[in-house]
Amino acid sequence: MNGDQKRDAFDAAGDVFAKAMKRKDYDAAIKAGFDAYSHYRAEGNEARSLDALGLVYIAIGEMLGVDDPPASSASCSFCGRSASEAELGAGPNAYICADCVGIFHQVLGPKRSAT
Ligand SMILES: [Zn+2]
């Protein structure tokens, strides 16, 4: 184990997130996700910032009482893709896939200047 392989901030946040989720420390989990989100937003790394936002979303979903991971029959409430087709985050009464999180981010996020 030499430290050749550079871990990026997302991996580090992911570790913190996973441990916090395991002990149901949702405050810490949300903070870890949001810290990573802020980090990547500042860097302009949109893909990673959306990944991080997904962590926040999952933590909030768990915090609001969705204990079960998405069942295989679950599907994205927005585009309808199933858990086998897309990675789903669970909310209290809905699921959302990573792609739809990205779409909402593009629609609702900061406007880009048209080219
Ligand atoms: Zn979707």
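Helix α2, which covers residues 26-43, has 18 residues and reaches 26 Å from its first C-alpha to its last, close to the 26 Å expected at 1.5 Å a residue, where the expected span is 1.5 Å times one less than the number of residues. The model is a predicted one, in which local features need pLDDT of at least 70 and side-chain atom pairs count only at pLDDT 80 or more, while totals for chains, interfaces and linings use all residues. Residues are numbered from 1 along each chain as its sequence is written, and helices (H or I, at least four residues) and strands (E, at least two) are DSSP runs numbered from the N terminus.

Within α2, the residues A29, I30, A32, G33, A36, Y37 and Y40 are buried; a residue is buried if 20 or more other C-beta atoms lie within 10 Å of its own, exposed if 12 or fewer, and partly exposed in between, with C-beta atoms placed from the backbone. An α-helix has 3.6 residues a turn, so residues three or four places apart point the same way. On the face of α2 turned away from its buried side are the exposed residues D27, S38 and A42.

Both flanks of this helix have a residue with positive phi: α2 is followed by G44, with phi near 80 degrees, and K24, in the loop between α1 and α2, has a phi near 55 degrees, a positive value in a residue other than glycine. Most residues other than glycine have a negative phi. K24 counts as exposed because it has 11 C-beta neighbours inside 10 Å.

The chain as a whole has four helices and two strands, running α-α-α-β-β-α from the N terminus on, and of its 115 residues 27% count as buried.

Leaving aside its neighbours within four places in sequence, A52 is in contact (C-beta atoms, placed from the backbone, within 7 Å) with F10, A13, G33, A36, Y37 and Y40. A36 also lies 8.9 Å from A12, C-alpha to C-alpha, although the two are 24 residues apart in sequence; A12 belongs to helix α1 and is partly exposed, with 14 other C-beta atoms within 10 Å.

Helix α3 also packs with helix α4 (residues 98-108) at an angle of about 110 degrees, with their axes 10 Å apart; axes are lines fitted to C-alpha atoms, for helices over the stretch in contact, and angles run from 0 to 180 degrees between N-to-C directions. That makes α3 roughly perpendicular to α4, since angles under 35 degrees count as roughly parallel, over 145 as roughly antiparallel, 65 to 115 as roughly perpendicular and the rest as oblique. The contact is made by L50, L53, G54 and Y57 of α3 and A98, V101, G102 and H105 of α4.

Notes
Contact = placed C-beta atoms within 7 Å.
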